[in-house]
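Please open the structure in your viewer and keep the sequence panel beside it. The stops below say what to select next and what is to be found there.

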Amino acid sequence: MTTLVSSYGFGYSASATTPAVGEVGRRLESLLKGGFFEAKQSLSASVSRVYDELQALAHSYGAVEFPEPIMRVAMAFLEALPTDVPAPDLGLDSDGEVTFDWAGTNGRMMTLALREDGRLSYACRISASDKQNGTKVFVNAVPNVVVECIRQVVVR
Amino acid sequence: MRFRTWLSSAFDKWLSVSSKERRHPSALSSPAYVVQGGDVARFIFRSDDILAGGARPGCPRPKAFGPDFHPDLKRYELSVCGLSSVSEDRLWVLGRTIRAKENKIALATITLPDTRVTSVGLYTEPAPEQPHFPEHGVILGWNQLPEAKSERLQVQTDLAALCSASDVRRVPSAK
């Protein structure tokens, strides 16, 4: 079992949505050490593209509005997404939280806002009468309710 | 009779002066820009407020409707521009000037009919407190608890889902 350095505030918990333990540990440790390029090399093409977008987003806002701590937790979140989930659209809220959006057909939408301390606010709309929202904490595994909402939105 | 004439004249004179003093300068001749049943526009200053592709290309993202917390009024509000009696030219002049101090120029606007705003449980009020921007209004009715972000996100998502790419108007290119 890989044990990660906890000084960054990341523990490790296995879940059905994460790849093999050793591989995650190596990737996450590489991220935490700022090895953005090395971590990106081992990822799928779609997630790698989103990493590029995250970095471009950070550059467009500047270091003041997009500080490094939120960059790190956003990268960890992208890393933790299941491989069958399409890459989200990224953004930055006026209160400094990174946003992740998925849009499906017939007005289905899912939006997440991730705060620096891992607080994850989400809102999901499947239809006008089928909606849910809530608050979870992201450590390094995406909460199951959030994953299920994303899958309901993007289903074809 | 002369006293009555004098009294009447003095009263008319007083009425004329006091009426002018009571009327607020902005109410003398300016129309109402944010009106019940009318449309308002949300200015877009960042390209990532609009979806680039996927299932809803060109449609607004929920973050485009993220309310700000007003530090003095202690409430969440979403700034908009009233569209009643507002010309296209005036709209884009506002888009270039209202955030010029922050070096931000509007890239587009999202048109919001009043019925769409009220359908998600919100409402619009005029808020012409900014100089040179009498068309300013705010969308209110947001959950006011700071920790209720997910509730506000739900309303933002509902609003975004009701919008289409045709509600987004890009800034006209220079002629």
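**Chain A on its own**

Select chain A and begin with its contacts (heavy atoms within 4.5 Å): among those between residues at least 6 apart in sequence, 44% join residues at least 24 apart. This is a predicted model, in which local features need pLDDT of at least 70 and side-chain atom pairs count only at pLDDT 80 or more, while totals for chains, interfaces and linings use all residues. Residues are numbered from 1 along each chain as its sequence is written, chains are lettered from A and ligands numbered from 1 in the order in which they are written, and side-chain values use heavy atoms, with hydrogens and water left out.

Followed along the sequence, their order is α-α-α-α-β-β-β-β-β-α. Of the 156 residues in this chain, 49% count as buried, that is, under 20% relative accessible area with a 1.4 Å probe, protein chains only. Show the surface of chain A, and its accessible area (Shrake-Rupley method, 1.4 Å probe) comes to about 7300 Å², with 52% belonging to carbon and sulfur atoms.

**Where chain B meets chain A**

Now display both chains and select the contact, which takes 22 residues from chain B and 32 residues from chain A. The two chains bury about 2100 Å² between them, 49% of it on carbon and sulfur atoms; buried area is the accessible area (1.4 Å probe) that two parts lose on being put together, summed over both. Within chain B, pick out Arg61(B), Lys149(B) and Gln154(B), which lose the most area to chain A and together make up 25% of what that side buries.

Zoom in on Lys149(B) and Asp93(A), whose side chains meet in a salt bridge at 2.6 Å, N to O; the term requires a side-chain nitrogen of Lys or Arg within 4 Å of a carboxyl oxygen of Asp or Glu. The count between chain B and chain A is 8 salt bridges.

**A last stop in chain B**

Is Arg116(B) buried or exposed? Select Arg116(B) in helix 4 (residues 114-119) of chain B; this arginine counts as buried because its relative accessibility is 16%. Leaving aside neighbours within four places in sequence, Arg116(B) is in contact with Thr111(B), Leu159(B), Leu162(B), Cys163(B) and Asp167(B).

How values were computed: Helix = DSSP H or I, 4+ residues; strand = E, 2+ residues; numbered from the N terminus. Buried < 20%, exposed > 50% of the residue type's maximum accessible area, 1.4 Å probe, protein only.
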